[in-house]
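Please look through the sequence and the model below before reading on. The numbered points that follow move from the whole chain to its parts.

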Amino acid sequence: MENLNPLPCQCPDTFHATVLDTLPGNTRLLACLRCGACELVEAIVDEPRPHDVQLLGYNTIELTPDARAWATAWPRFLENQKPRLYFSAAARFETEADLAAARPPQSATFRETLLALGVPPDHPPASLPNELYGFREIWHGLQLNDETPIDELLDAATRWNGPNELAADILAQRPDLESYAAAYVSNFSDQNRKYGRYLISKFKLSDIQVMVAIRARLSELTDDKTGELSELTRTLATLGPAAQPARPELEAAAARVKDTDYYAHKDLMQLLSKLT
Ligand SMILES: [Zn+2]
């Protein structure tokens with residue numbers, strides 16, 4: 001049965017906050033910042049013509065008591081505030097003026113903001129529905145720390161739908177990213193080379209050891225059949241002028257694929273045109 005009001009309360013929808021993060025599709029975990037009502041809902045929409053999306057109502061997705069207690073313990077934010085302003089799970093406002101004036105303290109990173117406002121201490125319960133998969137990932141992401149092995153951090157940072165930014169925040173504190181990037185970008189394992197490219201573009205690593213390793217790897221790639229040449233070209237493009245030392249290897253690679261790979265050649269030429 002569809003309801004027109006997503007929450008079982010009569011408070012104005014200006015008090016309706018989204019808990020933790022956006023969810024896939026039309027699903028949202030909503031919480032009222034006035035009375036505390038909370039529901040996992042799916043918006044039912046119709047699109048009679050392209051770009052004409054009409055809201056028909058909301059379906060409520062049942063949560064077990066365990067899942068409800070765990071999922072609603074996270075901080076929440078109002079959709080219309082950019083950047084996102086997070087409120088603690090316990091925050092309540094009587095009037096819209098109180099809500100508009102509220103300035104809950106935000107920290108420099110998503111991780112610190114969540115930890116400061118409060119997160120569920122326990123593991124996600126087994127009954128947590130699939131719709132809240134992202135919450136589970138964020139909880140695991142918060143358990144990462146300086147002691148976490150770098151490969152585990154890199155997996156969390158690069159996995160599709162993983163706790164990418166939370167893992168990147170921990171990686172950013174490591175003093176040895178250049179050595180890992182240099183060792184990984186020319187490593188024998190596909191996975192490690194992918195991690196190496198991620199580190200280089202995410203943290204804009206371009207010191208001499210990194211550039212030496214990239215240049216060596218570029219020289220080894222005779223074609224773009226695995227896509228790695230294109231990936232490396234894209235990685236270097238994120239470095240801007242700092243990619244300059246790789247120019248000879250980029251020119252050589254462009255010459256090698258000129259007659260066999262239109263797209264790889266085009267990307268290489270585009271990057272070269274930006275280096276002077
Ligand atoms: Zn309410």
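1. This is a predicted model, and within it the protein chain is made up of 12 helices and 6 strands. Its radius of gyration is 24 Å, well over the 19 Å that the globule rule gives for 276 residues, so the chain is more spread out than a compact globule. Along the principal axes, the C-alpha trace spans about 70 × 50 × 40 Å.

2. The domain assignment divides out domain 1, covering 13–106, and domain 2, covering 177–274, and the C-alpha centres of domain 1 and domain 2 lie 43 Å apart.

3. As for burial, 31% of the 276 residues of the protein chain count as buried.

4. The strands form an open sheet of 6, in the order S4-S3-S2-S1-S5-S6, and their pairing is antiparallel. Strand S4 (52–61) and strand S6 (86–87) stand at the edges with a single partner strand each, so one side of each is left without a neighbour in the sheet.

5. Which residues of helix H7 (residues 177–185) are buried? They are Tyr180, Ala181, Ala182, Tyr184 and Val185, and these buried residues of H7 pack against helix H5 (150–158), helix H8 (190–203) and helix H9 (208–220).

Note on methods:
Residues numbered from 1 in each chain as written. Predicted model: local features only at pLDDT ≥ 70, side-chain atom pairs only at ≥ 80, totals over all residues. Helix = DSSP H or I, 4+ residues; strand = E, 2+ residues; numbered from the N terminus. Rg over C-alpha atoms; globule rule 2.2 N^0.38 Å. Buried ≥ 20, exposed ≤ 12 C-beta atoms within 10 Å, placed from the backbone. Domains from an automatic or database assignment. Contact = placed C-beta atoms within 7 Å. Pairing = 2+ DSSP bridges.
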